[in-house]
Amino acid sequence: MALAPNSSLLLTIDEDGRSLLVNFSRKTVLHHHNFKSPVRHAVFSPDSKLIAITHDNHIQLWHSPSYAYEFQPFALHREYTGHFDQVVHITFSDDSKFFLTTSKDMTVRIYSVNPVDGFTPTVLTGHRSTVVGAWFKQEKKCSKIYSVSKDGSLFVWKSKDGAFGEEISDEVMGDAEKGHQTKKIKEEGKLNKPLLRSSEWALEQKHFFNQNHAKVVCADFRGNLMVVGFSSGVFGIWEMPDFVNIHSLSISQSKINTVSINASGEWLAFGCSKLGQLLVWEWQSESYVLKQQGHQLDMNALSYSQDGQFIATGGDDGKVKIWNTQSGFCFVTFTDHVGAVTCVEFAKQGQVVFSASLDGTVRAFDLVRYRNFRTFTSTSPVQFGSLAVDPSGEVVCAGTTDTFEIYVWSVQTGRLLDIVTGHDGPVSCMSFSPSDGHLVTGSWDKTVRVWNIFARDMSPESFDITSEVLALAFRPDGKEVAVSSLNGNITFWDLSTGTEVSSIEGRKDISGGRRKDDVMTAQNSGTGKNFTSLCYTSDGTCVIAGGNSKFVCIYDIQNRVLLKKFQTSHNLSLDAMHEFLNSRNMTEAGSLELIDDEEFSDLEDRLDKSLPGANKGDASERKTRPQVRSKCVRFSPTSRAWAAATTEGLLIFGLDTMVIFDPFNLDIDVTPATILETLDEKEYLKALIMGFRLGEEALISKVINSVPVDDVRLLVREFPQEVYLEKLIRFLVVYVEKSKRIEFALVWVNYLLGTHCRWIKNHSLELASAVRALQKCVSGLYTEISKVCDDNTFTMQYIKKMSEKKKIENSMMEIQSE
């Protein structure tokens, strides 16, 4: 990925060279382009006019496309050659006229964007391994280049005479005419073009990181800070040019794949692809700004909380994660399970999450104290594949996949209450009725059974299904249950009468693509044409279904029609994405795409060090592509969104989009003149919104100062929340600090918090930083005013005491004189 310096455009490129150009602020795809080769690195020039990409051992410069839709938006500026192996890194100079490239051929090359008189492309050699990155550093008297190689060495290169972007004086031009390599450049009698006056560079210093044989994987340089990530999971910060190690920390047990520094140099971002980690570290305070990690393996189950604000997920890595649906961040992870988590459920009452695992335990987690407060175990080693929680939250049940039994525990005591038998196959799914508390279970023995676990007579009522049962779901009123079977049908049963109400044929709807090792076409293949997860909407009129396919379907139950079919992934690197395979890749031995062509040129990448003495790698490593799947789908309690646990992670689809309509985008010419005209017409709300649209702080201050005190409450009440409320809060922070109208500013703050308190509470995550800044500002103002008031109070008391003392002295003198 490459982000333009002005944060307007985002370029994303997949492993096959297909790219998307995105309007970053609008989150809209502008253009598609195929570079026809894997791209290892892409970067925008500092002026955002050019895009440089690696194209095997070549470098391509493209003109940055515009925001408008064009027939051919990408225009090739120039293609550079010279490297003998793959190019891995590109860096522009500050003036966007030169750039550095590093390659696996252990060289650093300097190129110019446009032909420059007196400059020839330069090659810097001396490294003994792949050069990870190289950067320009402009100093007063000379220019330097810092290059970092994979073997842990850092070279400092210095230009012999001259610097980048330096204007040449007349004296230097005279010397140049006498024999120097620099040539004279004049435009209308003025020397105003930056020039690289020397193509000769010398190696000034060599430094080594010495990290116990750990290889350098990634590096970044900004200002005077060099940040390096190693294969051991350690990163370090060195201050240049003195090469002083000012910070070092181990943040992962796997290698750090990428590192980046923000513009101010305070935050460091790290990425670890093997563990799925994303870290943002503030090195000065040594604290995490952001720490996120998804499931390392497949995600198997999910469940919504009762308010729809949180989602619990469980995966094959044995972790249970709790996600916030608004921010998309995971805020707590439970690692108590030692086996794959197969099912998770929120309790209907209270902040409790239950999870079932193949390790033979069912665990209950407290979301208030973030701990595992109950562990439910079986009398013999079993594997749990399904889970159900009683609506009252007092009983939890789990079904096994090996002994075909159903275990019943008490949540309060943790004791095993009963073991229910009756199924002849693995118990694949179960659910409690929301109305009468009956337990309904489905099994591979082609039956659905209804149990009354609270009665003495445990004999179940059985319904025969035409095929193996994979999933079931209760309608919210508890009168109907939907059952998904292996033949791709969804049948609906009335539990009061024990009859089948209707059925939906979903084989054609869920049919996905053809896998690389399939002998038959996707249309004739029977694999994956069934639903493994079902869920009703809150009103019970629709059902959502997902399975081992890239599609998720929503059906209207009454009319038995498909309302909408969603495609959860467009990632062509996953298996079963194509409807038809490429015949050119088909051979007698199978598809060529089954061959893992990932390059492991380094010894540490080819060997697996997880076991002592392992010299042939780990036999359990994945050798085939992961298949696209939707293992679990759930509607939110409000039915305004639904979530899917897929191969690529947790996906949330909703009706409430994040792009908010702004009516001032349509036909209003927002300029300072129009704002002043609107203010003269005493349309204060309109003028204030236009001021925020323009972003001029002086105009906003003028509008706010022009609002009468009596109209502040009405204006704040009509102020749009979704678009501009955060901007208003942040502006009031500055206004309270700088304005001399303290009472007027506090009136704005009082009415703002009092009127929009509920909306601010519901969006506390987005507004947390702005509200904290406002609280800090008001608290500081309160402290200052309190101090002034106390000083004035003490001064008045002192004056009063001195006045009383003076009166007493005068009266005593009068008495003495008499």
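This is a predicted model: local features need pLDDT of at least 70, side-chain atom pairs count only at pLDDT 80 or more; totals for chains, interfaces and linings use all residues.
Residues are numbered from 1 along each chain as its sequence is written, and side-chain values use heavy atoms, with hydrogens and water left out.

Let's start with strand β52, residues 641-646. Strands here are DSSP runs of E, at least two residues, and helices are runs of H or I, at least four residues, numbered from the N terminus. So is β52 buried or exposed? Buried means under 20% relative accessible area, exposed means over 50%, and partly exposed is in between, using a 1.4 Å probe and protein chains only. For β52, 6 of the 6 residues are buried, so the strand is largely enclosed by the rest of the structure. A641, A643 and A645 point one way, W642, A644 and T646 the other.

Now, which strands does β52 pair with? Pairing needs at least two DSSP bridges between two strands. Strand β51, residues 630-635, pairs with β52 in the antiparallel sense over 5 bridges, and R634 sits opposite A643. That hairpin has 5 residues between its strands, and S639 takes a positive phi near 60 degrees there. On to strand β53, residues 649-654: β52 pairs with it over 6 bridges, again antiparallel. A641 has G654 as its bridge partner in β53, and this hairpin has 2 residues between the strands.

Okay, salt bridges. Side chains of opposite charge can pair when their charged atoms come close. The rule is a side-chain nitrogen of Lys or Arg within 4 Å of a carboxyl oxygen of Asp or Glu, and the count comes to 9. One of them joins D298 and K631, with the closest N and O atoms 3.6 Å apart. D298 lies in the loop between β24 and β25 and K631 in strand β51, so this pair ties together parts that are 333 residues apart in sequence.

Then there's E726 with R730, at 3.2 Å from N to O. Both lie in helix α8, 4 residues apart, about one turn of the helix. There's also a network linking R475, D477 and E480.

As for cysteines, C330 is buried at 11% relative accessible area, whereas C757 is partly exposed at 45%.
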